[in-house]
Amino acid sequence: MANLDAADAITSQAMQTVRVDLGARSYDIRIGRNVLETAGAEIAAVLPGARLAVIVDKNVARLHLEAFGASLEKAGIDLTPITVPAGESTKCFSQFERLCDEVLNARLERNDAIVALGGGVVGDLTGFVASAVRRGMAFIQVPTSLLAQVDSSVGGKTGINSRHGKNLIGAFHQPALVLADTAILDTLTPRDFRAGYAEVAKYGLLGDADFFAWLESNWQGIFAGGQERDEAVARSCQAKADVVAADELESGRRALLNLGHTFGHALEGAVSYETERLVHGEGVSIGMMLAHEFSETLGLIGADTVGRVEKHLTDVGLPIRITDIPGQLPGVEVFMDLIAQDKKVSRGALTFVLTRGIGEAFVEKGVDPYLVSEFLKEKLNP
């Protein structure tokens with residue numbers, strides 16, 4: 001559970017701080033409504049005297065760059081805005097190269113910083129740029145989507161996509177600060193908010209049955225923007241912070257955070273990352289459902305557990321079936337090729353996050369590809 005700083009209680013009862021404990025590289029996640037208004041002061045306290053390059057996609061720039069810039073100006077911080085196209089296709093070599101050049105053109109030095117103002121795409125791409133320019137610069141995450149606030153902005157995973165699969169090229173590079181303004185989430189489309197919620201549900205499903213039960217009772221308040229939203233973001237961030245502190249480089253426990261992602265990433269690849277058909281959180285939702293159904297097929301859980309997961313994801317409006325994806329899909333061979341390229345594959349053996357119940361996920365290595373293939377055939381042709 002996130003703790004409320006005593007100093008923050010004076011100014012904002014809703015403000016919460018989650019600490020990611022990584023020794024000398026520890027950092028805070030600041031969570032609450034209207035955090036963007038104090039972003040300049042927060043950044044100046046962590047990186048005094050730093051100049052900033054702010055990487056932002058065109059949609060987010062239109063909505064939030066002016067307010068963010070005003071906060072920086074108030075704190076006396078110079079910034080260079082750099083815009084990128086919106087969408088998953090932005091996480092590519094050409095944009096990575098361009099952004100590295102743009103940061104160098106801005107004459108930023110190694111003790112300056114790069115800010116990711118945006119969702120998961122901008123955060124992943126910016127972090128990778130920061131990891132490479134001048135052999136590593138500080139960077140700050142200002143996530144503007146629910147998915148980014150509870151997942152991709154925390155933990156230091158950065159990267160871009162390859163024609164071979166999603167997030168296969170990148171680096172671990174921790175941010176210096178994460179600023180999660182939950183009021184910004186009011187500007188999301190219903191579809192994008194729901195997609196982000198899939199990652200919130202993930203934390204309950206993988207390791208916290210009480211949190212999942214709380215979500216079942218409180219999801220409407222989260223969607224409405226009440227205190228439940230801040231609480232859900234804080235609890236999700238705390239769950240991820242605990243896992244990252246224990247296993248920063250994903251050599252063991254951190255792999256649990258990929259519940260639903262092996263299937264989900266394959267689904268995204270199968271539609272060529274066309275976000276009109278499928279966005280990441282929707283892929284995760286379907287992937288989590290598949291992970292539970294596959295666990296049932298293996299005799300690990302019963303139909304009652306699968307039904308409970310199905311009901312909650314359906315209640316919030318998330319897709320749960322491969323056949324929920326519009327348009328034609330490739331055959332099972334393509335899905336198996338994409339799964340074989342997944343980052344969790346080890347020495348050619350398939351690795352999946354499976355479950356023994358709500359909050360009881362575990363990593364299973366050496367899963368028989370034949371079983372996966374037969375399972376997917378059934379789901380592709382119900």
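This is a predicted model: local features need pLDDT of at least 70, side-chain atom pairs count only at pLDDT 80 or more; totals for chains, interfaces and linings use all residues.
Local features require pLDDT of at least 70, side-chain atom pairs count only at pLDDT 80 or more, and totals for chains, interfaces and linings use all residues. Residues are numbered from 1 along each chain as its sequence is written, and side-chain values use heavy atoms, with hydrogens and water left out.

The largest nonpolar core has 49 residues. Such a core is a set of buried Ala, Val, Leu, Ile, Met, Phe, Trp, Tyr and Cys residues joined through side-chain atoms within 4.5 Å. Buried means under 20% relative accessible area, exposed over 50%, and partly exposed in between (1.4 Å probe, protein chains only). The residues with the most contacts inside the core are V20, I29, I31, L146, Y197, V200 and L313. Helix 7 (residues 190-207) supplies the largest share of this core, eight residues. Helices (H or I, at least four residues) and strands (E, at least two) are DSSP runs, numbered from the N terminus. In soluble globular proteins, nonpolar side chains tend to be buried together.

Helix 13 spans residues 332-340. Its buried residues are V332, F335, M336 and I339. These lie on the same side of helix 13 because they cover an arc of only 100° around the axis. The arc is taken from the directions from the helix axis to the C-beta atoms. E333 and D337 are exposed on the other side. The cover over the buried residues includes helix 10 (261-270), strand 10 (350-355) and helix 14 (369-380).

Helix 14 also holds L371. This residue is partly exposed, at a relative accessible area of 39%.

F128 lies in helix 5 (residues 120-132). It is buried, at 10% relative accessibility. Beyond its neighbours within four places in sequence, F128 contacts F96, T158, G159, I160, I169, G170 and A171. Contact means heavy atoms within 4.5 Å.

N34 sits in the loop between strand 2 (27-32) and helix 2 (39-46). It is partly exposed, with a relative accessible area of 38%. N167 lies in strand 8 (residues 165-172).
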